[in-house]
Amino acid sequence: MTSVEDLLQEPSLTIGIEEEYMIVDRETGDLIREAPRQLLKDAEAVLENQVAPEFFQSQIEVGTRVCRTVSEARSELVRLRRGVSEVVEPYGFAIIAASTHPNASYATQLHTPRERYQVLAQNMAVVGRRMVISGMHVHAGIEDDDLRIDLMNQTAYVLPHLLALSTSSPFWEGVYTGLKSYRIAVWNELPRTGLPEAFESYAEYERHVMALVYAGVIEDSSKIWWDIRPSKRFPTLEMRVADTCTRVEDAVCIAALYKCWLHMLWRLRRRNQRWRSYANMLIYENRWRAQRYGTDGTLIDFGRGVAVRYDELIEELLGKIMPDAEHFGCVEEVQHARAILARGTSAHWQIRTFNETLEETGSERAAIKAVVEMLIAETMHGL
């Protein structure tokens, strides 16, 4: 049983970041259909166990080492992006860090020939075959099981804020969807996704998981794909709501915001306080607004009962976590949120590039190609 002393013990809040990239043909800009067998072996030779295949052969995943600081996480991401880019280049490929490819068709994609993915493809049917999407996951080290659950319950509130700042998936199969994050719409089709339930303890969480395990529905908790969850593999709280950020510095900003938010909640707990809990039906409304409008719209401030412009909410958020950013030495990284607001997220860049090229050329194909070219360049920005 967790003691009061354990719950008041400051969590390490180490961070680890996982990013999923899409592999495109450098000449055509199209998403590749089949990866050369040697490609993954080449990547593993360079990045060892920090690179892995994904559900589709057109995707590849990287994961940082356990990082104690935000700057360390940035260095890791830079190294991993460079490494994967250099591996795919001789094949005539490039990587894009975005949550959808602007015109790829899921019907033409081939899943990775591994038993795990074959079972997943069979179980999920067409819902699984539509998962031509990528995401970013941020792990935060929280060693105590019950504290991990308590902070998960409170962090659900801020997930829409993080999603809005990360959006990079406005297109789907060549169509502008009108959403800043269409990835979330695709992801929602899977079971056991969305916001987590609220649990009183880690034991209660485990009882619910085991109900599904005993029924033979899932093998373990790794098949629970909530926007935030206790990791099955690590003593971490894994934030999964974010789109893949096209620029490294945007990914680092979101990881820093998440880390500092958790530390702010721990500070409240130490003073016998906590963030107010809200029903999932309310948080889902903000999640939808973030998915639809990104940073352009409003989110609901449930304390005040009004919809508030996103830029105002970010300023409030920065004010609340600034002591934590100073504690961790990542003030610059969290304040980068203002830069994202000023020049837009990847979704904004994609929409703008498409519209400008379409107006200039009159060709939707040329406009899509221009979006991919932009994504290739921006994925490697600052590296």
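This is a predicted model: local features need pLDDT of at least 70, side-chain atom pairs count only at pLDDT 80 or more; totals for chains, interfaces and linings use all residues.
Trp-261 belongs to helix α9, which spans residues 248–270. Trp-275 falls in the loop between α9 and α10, the latter covering residues 280–293. The two positions are 14 residues apart in sequence, so the pair ties together separate parts of the chain. Both side chains fall below the 20% cut-off for burial. Trp-261 is buried, with a relative accessibility of 2%. Trp-275 is also buried, at 17%.

A second example involves Tyr-278 and Phe-302. Here the ring centres are 5.3 Å apart. The planes meet at 40°, so this pair is tilted. Tyr-278 sits in the loop between α9 and α10. Phe-302 sits in the loop between β12 (298–301) and β13 (306–309). The pair thus links distant parts of the chain, 24 residues apart. Tyr-278 is buried at 18% relative accessibility. Phe-302 is buried as well, at 15%.

Ring pairs connect Trp-261, Trp-275, Tyr-278 and Phe-302 with Tyr-157.

Charged side chains also meet aromatic rings. The charged end of Arg-130 is placed over the ring of Tyr-106, at 5.8 Å from the ring centre. Lys-259 lies over the face of Phe-328. In that case the distance to the ring centre is 4.2 Å.

Helix packing was examined for α2 and α3. Helix α2 comprises residues 37–47, and helix α3 comprises residues 70–88. Their axes are 9 Å apart and form an angle of about 145°. The crossing is right-handed. On the α2 side, the contact is made by Leu-39, Asp-42, Ala-43, Val-46 and Leu-47. On the α3 side, Arg-79, Leu-80, Gly-83, Val-84, Val-87 and Val-88 take part. Eight of the residues in this contact are nonpolar, one is polar and two are charged. Asp-42 of α2 and Arg-79 of α3 are the charged residues.

Notes
Residues are numbered from 1 along each chain as its sequence is written. Side-chain values use heavy atoms; hydrogens and water are left out. Helices (H or I, at least four residues) and strands (E, at least two) are DSSP runs, numbered from the N terminus. Buried means under 20% relative accessible area, exposed over 50%, partly exposed in between (1.4 Å probe, protein chains only). Rings of Phe, Tyr and Trp (its six-membered ring) pair if their centres lie within 6.5 Å; planes under 30 degrees apart count as stacked, over 60 as edge-to-face and the rest as tilted. A charge sits over a ring if NZ of Lys or CZ of Arg is within 6 Å of the ring centre and within 35 degrees of the ring normal. Axes are lines fitted to C-alpha atoms, for helices over the stretch in contact, and angles run from 0 to 180 degrees between N-to-C directions. A crossing is left-handed if the near helix is turned anticlockwise from the far one by less than a right angle, and right-handed if clockwise. Contact means heavy atoms within 4.5 Å.
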